Amino acid sequence: MFVDLEERIRKEEKISSFINNVVILEKIDSTNSYAKQLKDQVDGTLIVAKEQTQGRGRNNRTWKSFGEKNLTFSLIVNYPEDKEALGLFSLLSANSVAATIEELGLIPEIKWPNDILINSRKVSGVLCEAVFDNNKPRSLIIGIGLNVNSNKDDFYSDDFVYRLEPTSLSIEGNKEYSSNNLLVILIRNLINWITLFKLKKYETILSFWRSRWIDIGSELVVTQDQMMLKGNAIDINSKGELLFLEKETKKVHVLNSGELLT
Ligand code: BTN
C-alpha cells in the first residue's frame with residue numbers, strides 16, 4: 001500500500017509543487033494528532049496512515065477506519081490569510097471528496113458542513129483543525145477519512161453506534177478500489193479547491209457545495225448557548241455558516257460547525 005505514492009506525487013507537477021513533504025505511517029493513533037504535534041508545521045505536509053487506531057471525528061466523535069481498507073490522511077497548510085473565509089475550508093474539503101467520488105461515476109451527497117454520503121449513507125468525513133503558535137493561528141490541518149473497501153461486516157464487527165449509517169465506495173460501486181489511486185485523485189482535487197480559495201473564487205466553492213447539499217430544508221436539531229433548538233436549514237452564507245430558521249420563534253440563527261446535533 002502506498003508503495004509508489006511519493007513517486008507519483010513527484011511526477012505530477014501540479015501536485016509536487018504543492019506537496020512538500022510526505023509522511024507514510026504504518027500505524028498511528030490519529031493523523032490529525034500526529035500533524036498537530038509536529039514542531040515544524042511545513043506547508044504542504046501530507047501524512048498518510050496505513051492504520052489509524054484512534055481516529056477522531058468532529059464534536060469529539062470516533063472515526064473508525066479498519067486498517068488498510070480505508071483512507072486516512074491529513075494535510076498541513078499555512079493558516080489562510082483571509083480569516084473571514086476560513087469556514088470555507090471545511091466546505092472545499094468536502095467538495096474535493098465529492099469531486100473524487102464523481103470521478104468514479106458515483107453520486108455524492110453533502111450534509112452540512114462536511115459529511116459526504118452516497119445513497120444517504122456516510123462514506124467520508126472531514127476534520128479541520130487549527131494549530132496555534134503563541135496564541136496565533138499558524139496552520140490548518142485538513143484530516144480526511146474515506147471508506148474505500150470496508151464491508152458491512154467490518155462496520156458492524158463490534159457494538160459501535162454510528163450517528164449516520166456508514167458505507168464505503170466498494171459497497172456502493174460494487175467493486176474494490178485502489179486506495180493509492182484514490183489518494184492521488186483526492187489530493188489533486190484538494191489542491192485544485194485550495195487553489196480556488198487562494199484565488200478568492202469563493203462563489204465557485206459555495207455553488208459546487210450547494211448543488212450537492214442534501215439537508216437543505218430538512219429539519220435539524222442544533223445547540224446554541226446550551227439550548228436545543230429545532231428548525232430547518234435554509235442556506236449557507238459566504239463564510240460557510242449555516243442559516244437556520246428556528247421553528248418556534250421564526251428567528252434565523254447563524255451557526256458554525258460545532259452546533260449541529262442531527
Ligand atoms: C467526521 O466525520 O466527524 C470527521 C472524520 C475525520 C476523520 C479523519 S481520518 C484522518 C484524520 N485523522 C483523524 O483523527 N481524523 C481525521
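Ala, Val, Leu, Ile, Met, Phe, Trp, Tyr, Cys and Pro count here as nonpolar, Asp, Glu, Lys and Arg as charged, and the others, Gly among them, as polar. A residue is near a molecule if one of its heavy atoms lies within 4 Å of it. By these terms the shell around the ligand divides into five nonpolar, 11 polar and four charged residues.

This is a predicted model, in which local features need pLDDT of at least 70 and side-chain atom pairs count only at pLDDT 80 or more, while totals for chains, interfaces and linings use all residues. Residues are numbered from 1 along each chain as its sequence is written, and side-chain values use heavy atoms, with hydrogens and water left out.

**The ligand and its contacts**

Around the ligand there are 20 residues, of which Ser-30, Gln-52, Arg-56, Arg-58 and Lys-122 come nearest.

| Residue | Residue atom | Ligand atom | Distance |
|---|---|---|---|
| Thr-31 | side-chain N or O | nitrogen | 3.1 Å |
| Arg-56 | backbone N or O | nitrogen | 2.7 Å |
| Arg-58 | polar backbone atom | oxygen | 2.7 Å |

Taken alone the ligand exposes 410 Å², and the protein buries 99% of that (accessible areas by the Shrake-Rupley method with a 1.4 Å probe). Two or more residues of the shell come from each of α3, β3, β5, β8 and β9, where helices (H or I, at least four residues) and strands (E, at least two) are DSSP runs numbered from the N terminus. The largest share of this shell, four residues, belongs to β8.

**The pocket**

The ligand sits in the largest pocket, meaning that more than half of its atoms lie within 2 Å of the pocket's grid points. A pocket is an open set of points on a 1 Å grid over the protein atoms alone, where a 1.4 Å probe fits, with protein on both sides within 12 Å along at least five of seven lines; lining residues have an atom within 4 Å of a point. The volume of the largest pocket is about 470 Å³, counted as the space filled by probe spheres set on the points, which are joined across faces, edges and corners.

Its lining has 32 residues, with Gly-57, Arg-58, Thr-62, Trp-63 and Lys-122 nearest the centre. The lining divides into 11 nonpolar, 14 polar and seven charged residues. Its largest share, four residues, comes from β8.

**Backbone details**

The peptide bond from Trp-112 to Pro-113 is cis, with omega near -5°. Pro-113 lies in the loop between β6 (108-111) and β7 (115-118). Asn-135, in the loop between β8 and β9, has phi near 65°, a positive value in a residue other than glycine.

Key:
Polar contact = N/O pair within 3.5 Å; in protein donor to acceptor, adjacent residues only side chain to side chain.
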